[in-house]
Amino acid sequence: MQRQSLKVEKRTTLGKKLKKLRRDGLFPANIYGRDIKSLAVQLPYKDFEHVFKEAGETGLVDVHVEGEVRPVLIHNVQIDPLSRMALHADFYQVNLKEKIKAMVPVELIGEPKAVTDKVGLLMPLLSEVEVEALPTDLPEKLDADVSHLAAIDDQLAVADLKTPSGVTILTDPNQAVAKIAELVSKEAAEQAAAEEAAKEAAKAEGAEGEAAEGAQAAEKAEGEKTEAKPAEEPKKEEKKE
């Protein structure tokens with residue numbers, strides 16, 4: 001991966017005044033590291049956005065500040081939950097001759113045979129692993145080939161991941177990265193059956209209710225009909241002569 005670079009300048013704006021800084025299109029950050037005094041810096045937001053998109057949290061970035069170049073990794077990026085824009089970041093300065101620990105993304109590649117044969121579904125279980133390496137050897141990501149998974153419960157473990165030279169995975173090797181699950185789990189099938197039974201019961205109850213209402217309406221109509229029938233006039237007695 002091509003090494004990225006950023007030009008920053010020392011920052012004096014702190015605290016609540018950072019909102020105005022961001023409105024002006026500037027991005028606040030801090031450079032820190034082992035035995036290094038923290039330095040508040042700022043740079044154009046568009047520059048940070050571009051470099052972070054390329055480097056992520058595992059790519060080395062050369063930060064140019066106050067006449068020197070500092071190799072850093074971008075850490076602790078704060079994201080606004082509404083706008084999804086970055087608000088702040090830490091630039092962790094590293095020693096290129098000392099190994100460091102970092103979280104590296106895992107990317108699933110290939111289509112499992114179980115999926116192709118419609119035997120099961122691929123279930124991702126782990127999105128990143130912890131590794132140890134020199135800053136210059138940190139991989140951008142680790143590929144996890146799942147194409148050989150052919151049966152239910154087949155899985156790919158951390159131990160199956162291939163790493164570049166000089167990179168050691170620290171995550172538990174027995175932890176599953178991905179596995180093949182049933183197309184429809186027993187729990188899901190039972191839940192679906194229960195929901196269907198509930199729907200049928202509701203329909204039956206509704207039908208019974210409608211029938212009862214119909215009977216009541218019929219009785220009411222019959223009663224009204226009876227009340228509305230005119231009374232018979234009494235017969236006149238015949239006059240005897």
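Reader: Where does Ala150 lie?

Author: Helices (H or I, at least four residues) and strands (E, at least two) are DSSP runs, numbered from the N terminus. Ala150 belongs to the loop between strand 11 and strand 12. The model is predicted, so local features need pLDDT of at least 70 and side-chain atom pairs count only at pLDDT 80 or more, while totals for chains, interfaces and linings use all residues. Residues are numbered from 1 along each chain as its sequence is written, and side-chain values use heavy atoms, with hydrogens and water left out.

Reader: Is Ala150 buried, exposed or partly exposed?

Author: Buried means under 20% relative accessible area, exposed over 50%, and partly exposed in between, with a 1.4 Å probe and protein chains only. Ala150 has 30% relative accessibility and therefore counts as partly exposed.

Reader: Which residues does Ala150 touch, not counting residues up to four places away in sequence?

Author: Contact means heavy atoms within 4.5 Å. On that basis, with residues up to four places away in sequence not counted, Ala150 touches Lys113, Ala114 and Val119. The C-alpha atoms of Ala150 and Pro112 are separated by 6.4 Å, although the two residues are 38 residues apart along the chain.

Reader: In what order do the three strands of the open sheet stand?

Author: Strands of a sheet pair through backbone hydrogen bonds, either parallel or antiparallel. Two strands pair if DSSP finds at least two bridges between them. Here the order is 9-14-12, with antiparallel pairing. Strand 9 (120-124) and strand 12 (155-157) are at the edges with a single partner strand each, so one side of each has no neighbour in the sheet. Strand 12 pairs with strand 14 (residues 176-182) over three bridges; Gln155 has Lys179 in strand 14 as its bridge partner.

Reader: How many residues has the largest nonpolar core?

Author: A nonpolar core is a set of buried Ala, Val, Leu, Ile, Met, Phe, Trp, Tyr and Cys residues joined through side-chain atoms within 4.5 Å. The largest one has 24 residues, and Val129, Val131, Leu138, Leu161 and Val177 have the most contacts inside it. At least two residues of this core come from each of strand 8 (100-109), strand 10 (128-133), strand 11 (142-145) and strand 14. Strand 8 gives the most, with four residues. A second, separate core of 21 residues includes Leu6, Ala29, Val51 and Val65.

Reader: Why does Arg70 count as buried?

Author: Arg70 counts as buried because its relative accessibility is 11%. Arg70 is part of strand 6 (residues 68-79).
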